[in-house]
Each structure stands twice: as C-alpha cells, then as structure tokens.
Amino acid sequence: MNQIYREEFIDLKEIFKVLWQGKLLLLYITIFFSLGSVLYSLNLPNTYQSSALLSAVTNHNSGIQSNYSTLANIAGINLNSTTNDGNTEEAIEKIKTLSFFSDNILPNIFLPNLMAFDAWDSKTNTVTYNENIFNNKNKKWVRSYKFPNTQVPSRQESFKIFKKHLSISESEDNSFITISVKHQSPIIAQNWTEMIVTEINNFFRARDKLEAQASINFLNSQISKTTFAEIKQVIAQLLQEETKTLTLIEANDFYVFEYIDPPVVMERKIGPRRSIICIFGAFLGGILGILIVLIRHFFKEQKF
C-alpha cells in the first residue's frame, strides 16, 4: 500500500516538474487566450433590457353576466361569454405565437431593427445597420441568402430572432407577469415592450367586442321572432347586459393586463458581462496550456 502511495506521489511530482519546465509555453498560451477574450468582450455590443411588471385585469362585470347567462339558458339561448376572466394564461401563450407576431408585432416595428441592427450611439441616439444586410440609404435589403430564406426576411425567420429578444415570466402564484425585451438600443427595448402590452390588450378587446356584438345581433333577431312576453323580457334584459359589456370593452384601455411598473429606457446595460468572459478565457487558456505541455512531454517520451 505504501508503495502505491509512493508511486502516485512520484507521478504527481513528475507532472509538476513537466509543467514547470514548460511554464513559458503555458504562460504564452494563457496570455494569448486572455488577450483574445478581452478583445472579444470589448467588441461585443452592450445589451439593454426593458421590463414591464403586469397584473391581470379583473372583470367586475363577470358576476352579473353569469346571472344573465342563467336567464339565457332558461330562455333556450346560448351566449358566448365575453368576459376577460381567464384570459391571462391564454394571453401569455398568444404573445409567444407566430400569428401574434405576424399580425400585431411585425406591422408595428421597423424590421431592420430586428434583423440588421449593428450599433446604437448613446451620445447622438442614432442607430446604424449592417450594410451587408440592409442598405439604410436606399432602404433596401441587400443580404445574401439561401433557400428557404429570402432576401427580405420572412415572418417565420424574423419570429425566430424576435423570440431571442423576448422573455415572459410569471410569479409563483401567477398573480404577476413580467414581459421583458432585450436589445442593443434601450429605446427600442422600451418601445417594443410597451407595444407588446398594448397589442395583446387590443387583440383580446377586439375579439371580445366582436363576440359581444355578435351576441347583440343574435338577441335582436331572436326578440323579433318570439311571441312570448316572458321570453321577450328575458331577451331585453340580456340585450341590456350585452350592451353594458360592449361599453366596458370599449372603455378599458387595459383590457387583459395593466401596469404595476411600466417599461422604461434603461440606463445600465444587462450584458455582456465582460469580466466573466475574460476570466473564462484566461481559465480556458490555462487548461489548454496544461494539456498541450503534458501532451508534448508525452510524445517526447514516446520517441525514446
């Protein structure tokens, strides 16, 4: 047993001896990787993140509407519920879809800000674009592409990139939602975050408005067909309730989500973490240097 420990000790001592003999090569490799990581980190653009803290809007009309739904069932009329209760989870998933991006996001952004952005100048608040992708002077896409891509980025390709900028998180009890957008321009990050909240509210407001209007049209057609006074009275009450619902839908600016803390133009960057990159580069260079020194020594020993 002592002989095994002695051999292991001798082997470890030999390794340190080999590393000491190759210390200059090890140092050069570590310095090379360290300088490379410094230059790499300095060339990375700053990234800013703007976040909106949201809560779900409570529909105070849902209880009354539930009572009138009972009356509708008694009268043999089936109405769609137009309350926004329960829309929170659906809204979160909707934001993540290609259809929402195509119909509500893409028409409201300048696509080169997503697909051809190069740099943002904080002093002049101006942006520049990659001239190999988008010619800002002529407002023309000039990028090279291969199938299935096209010269003008498609909505599917753009959506794939947009998802990298977007993040959505919920609190543990699902009472609060945070929507965040990362971008090289803090102004664009703030604008896009605000736009997402506005557009998701508009989407559900428009959908529920159509449903409420359809219900009103249906009730109007039913009240003209029936000859029973009791059913006419029930339908009249339902019409009154649906009209109130339609008014509430149009009156609320924040239909699904409302702000607890609105997005702002951030002064401090969220990334890149240049110190971490430099430390990792130096560590990687050191490990690689050790391996190269040991492997070189091994091959030299094999030749004899």
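Predicted model: local features only at pLDDT ≥ 70, side-chain atom pairs only at ≥ 80, totals over all residues.

Student: Which residue does glutamate 93 form a salt bridge with?

Tutor: Lysine 96, with the closest N and O atoms 3.6 Å apart. Lysine 96 has a relative accessibility of 40%, so lysine 96 counts as partly exposed too.

Student: How many salt bridges does the structure hold?

Tutor: Four. Another one joins the side chains of glutamate 157 and arginine 143, at 2.8 Å from N to O. That pair links distant parts of the chain, 14 residues apart: glutamate 157 sits in helix H7 (residues 155-165), and arginine 143 is in the loop between strand E5 (140-141) and H7.

Student: And are glutamate 157 and arginine 143 buried or exposed?

Tutor: Both of them are buried.

Student: OK, what about networks? Which residues are linked in a network of salt bridges?

Tutor: Glu90, Arg207 and Asp208. Within that group, arginine 207 and aspartate 208 form a salt bridge with their closest N and O atoms 3.4 Å apart.

Student: Switching to helices. How do H8 and H9 cross?

Tutor: Helix H8 (residues 186-225) and helix H9 (residues 229-251) have axes that come within 9 Å and cross at roughly 160°. That angle is why H8 is roughly antiparallel to H9. The crossing of H8 past H9 is left-handed.

Student: And what about H4 and H8?

Tutor: The axes of helix H4 (residues 87-95) and H8 come within 11 Å, crossing at roughly 120°. So H4 is oblique to H8. H4 passes H8 in a right-handed crossing.

Student: Where is threonine 88 found?

Tutor: Threonine 88 is in helix H4. With a relative accessible area of 15%, threonine 88 is therefore buried. Threonine 88 and serine 175 are 87 residues apart in sequence, yet their C-alpha atoms are 9.6 Å apart in space.

Student: What about phi of asparagine 125?

Tutor: Phi there is near 55°, a positive value in a residue other than glycine. Asparagine 125 is in the loop between strand E2 (117-121) and strand E3 (126-129). Lysine 139 also has a positive phi, about 55°, although it is not a glycine. Lysine 139 has a relative accessible area of 54%, so lysine 139 is exposed.

Student: Last one. Which residues form a nonpolar patch on the surface?

Tutor: Phe283, Ile287, Leu288, Leu291, Ile292, Ile295, Phe298 and Phe299, with about 750 Å² of accessible area together. Leucine 291 lies in helix H10 (residues 274-303). At 44% relative accessibility, leucine 291 therefore counts as partly exposed.

Technical notes: Residues numbered from 1 in each chain as written. Heavy atoms only, no water. Patch = residues over 30% accessible without salt bridge, like charges linked within 9 Å, V, L, I, M, F, W, Y side chains within 5 Å. Areas by Shrake-Rupley, 256 points an atom, 1.4 Å probe, with all protein chains shown as cover. Helix = DSSP H or I, 4+ residues; strand = E, 2+ residues; numbered from the N terminus. Buried < 20%, exposed > 50% of the residue type's maximum accessible area, 1.4 Å probe, protein only. Axes fitted to C-alpha atoms, helices over the stretch in contact; angles between N-to-C directions. Parallel < 35°, antiparallel > 145°, perpendicular 65-115°, else oblique. Left-handed = near helix turned anticlockwise from the far one by under 90°.
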